[in-house]
Amino acid sequence: MTTPGLDGLSRCKLALAFAVIMDLFGGAALLVGVFAPLEIKGQDFGDLLVYTGALLVLMSLWGWVLWYSGNIEGLTSNKELGHIGSAVDRLARNLSRKIRSYRGHRGP
């Protein structure tokens, strides 16, 4: 039996895990880079950890967006889109076929 409040966590677990892990590593790297004296042979490595932590936190944003968009309820189905949805599908299929045929003619 699942609780109604936790249904959003049941989908897109990989994106959620990626986002949380990147946040934890990024936050830890930021804190260590700011507060720990990291000098080795006269060179300071604190800046490297600060920048790395900021990049990891920025990468986690990608995971949060994927997780959030995967848990959106009430998206319109293809039947509700009607003619516009089928036109977009046909356009995507035609473009995909053209790219595939171009690659096939070009050779290895």
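Predicted model: local features only at pLDDT ≥ 70, side-chain atom pairs only at ≥ 80, totals over all residues.
Me: How is the protein built, read along the sequence?
Reply: The protein has four helices and two strands, and along the sequence they follow the pattern α-β-β-α-α-α. Of its 108 residues, 14% count as buried, and the accessible surface comes to about 9,000 Å², of which 69% belongs to carbon and sulfur atoms.

Me: How many aromatic pairs does a search of the whole structure find?
Reply: The search finds two aromatic pairs. In one of them the ring centres of F18 and W62 are 5.5 Å apart and the ring planes stand at 90°.

Me: What makes F18 and W62 a pair, and why is the pair called edge-to-face?
Reply: Ring centres must lie within 6.5 Å to pair, and those of F18 and W62 are 5.5 Å apart, so the two rings qualify. Planes over 60 degrees apart count as edge-to-face, and the planes here stand at 90°, so the pair takes that name.

Me: Why can this pair be said to tie together parts that are apart in sequence?
Reply: F18 lies in helix 1 (residues 13–35) while W62 lies in helix 2 (residues 46–70), so the pair ties together parts that are 44 residues apart in sequence.

Me: What makes the pair of W64 and W67 edge-to-face?
Reply: The centres of these two rings are 5.8 Å apart, which is within 6.5 Å, and their planes stand at 80°, which is over 60 degrees, so the pair is edge-to-face. W64 and W67 both lie in helix 2, three residues apart, about one turn of the helix. In an α-helix there are 3.6 residues a turn, so residues three or four places apart point the same way.

Me: What makes S60 a buried residue, and what is it in contact with?
Reply: S60, which is found in helix 2, has a relative accessible area of 2%, which is under 20%, so it is buried. Leaving aside neighbours within four places in sequence, S60 is in contact with A19, M22 and D23.

Me: Why does the link between S60 and D23 count as a polar contact?
Reply: The side chains of S60 and D23 are joined at 2.6 Å, and the limit for such a contact is 3.5 Å, so the distance is within it.

Me: Which residues of helix 1 and helix 2 are buried, and what covers them?
Reply: In helix 1 the buried residues are A15, L16, A19, M22, G26, A29 and G33, and their cover includes helix 2. In helix 2 they are G46, G53, L56, S60, G63 and W67, with helix 1 and strand 2 (43–44) among what covers them.

Notes:
Residues numbered from 1 in each chain as written. Heavy atoms only, no water. Phe/Tyr/Trp six-rings, centres within 6.5 Å; stacked < 30°, edge-to-face > 60°. Buried < 20%, exposed > 50% of the residue type's maximum accessible area, 1.4 Å probe, protein only. Polar contact = N/O pair within 3.5 Å; in protein donor to acceptor, adjacent residues only side chain to side chain. Contact = heavy atoms within 4.5 Å. Areas by Shrake-Rupley, 256 points an atom, 1.4 Å probe, with all protein chains shown as cover.
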